[in-house]
Amino acid sequence: MKSSDIVVTPTQLKFMNRAFPRTVGRGGITNRKAEGDGATPCGTHRIVGMLYRPDRLKKPADWALPIRPGDLWSDDVTDPDYNMMVKTPHKYRAETLRRADPMYDLIILTDWNWPYAVKGRGSAIFMHQWRGKGRPTAGCVAVSRRDLLWIAARIFYDTRLVIR
């Protein structure tokens, strides 16, 4: 493990000598991730991108990209672009990234099952804002908005999300 790693333990998230409350998927942490299981996959995942809502936040890092109207993330195993960012119109099932609620105002992307997705192994694992302390996600890792912004401003090129 490296000092720049974000580490998810059974009870908290640790980064840069700080501990943060966190939530994970409703299916818990697993070694056998599958699409739709609501679980968070254990392992070491590279940070590969950051997306943000420019109408709600200032740019959190130089390398962050804006979430635009029509941006989606494909979670349909029949989609040739499964586990990739896509745009509307899109004929396959996909998750809207530009949500009415603030959950995806800032998204830290990992390399879970990406860029060469194995169909059914599970789509994107993001770090994002939680719905509330203790409220599980669909498989992602979530923290408070304040903590997410603090973490995003301190991610390095070699930062990884390590889920134990």
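Two strands count as paired when DSSP finds at least two bridges between them. The strands themselves are DSSP runs (E, at least two residues), as helices are (H or I, at least four), and both are numbered from the N terminus.

Before you start, note that this is a predicted model, in which local features need pLDDT of at least 70, side-chain atom pairs count only at pLDDT 80 or more, and totals for chains, interfaces and linings use all residues. Residues are numbered from 1 along each chain as its sequence is written, and side-chain values use heavy atoms, with hydrogens and water left out.

**Stop one: the sheet**

Select residues 71-74, which form strand 8. Together you have an open, antiparallel sheet of three strands in the order 9-8-10. Strands 8 and 9 are joined by three bridges. Click on Trp-73 and look across to strand 9: Met-85 stands opposite.

**Stop two: the cavity**

How many cavities of 30 Å³ or more does the structure hold? There is one. A cavity here is a set of points on a 1 Å grid over the protein atoms alone where a 1.4 Å probe fits but cannot get out, and lining residues have an atom within 4 Å of a point.

The largest cavity has a volume of about 40 Å³, counted as the space filled by probe spheres set on the points, which are joined across faces, edges and corners. To see its lining, select Leu-57, Pro-102, Asp-105, Leu-106, Gln-129, Arg-145, Leu-148 and Leu-149. Finish by colouring helix 1 (residues 145-152), which gives the most to this lining, with three residues.

Conventions: 1 Å grid on protein atoms, 1.4 Å probe; cavity = no way out; pocket = protein on both sides within 12 Å on 5 of 7 lines; lining within 4 Å.
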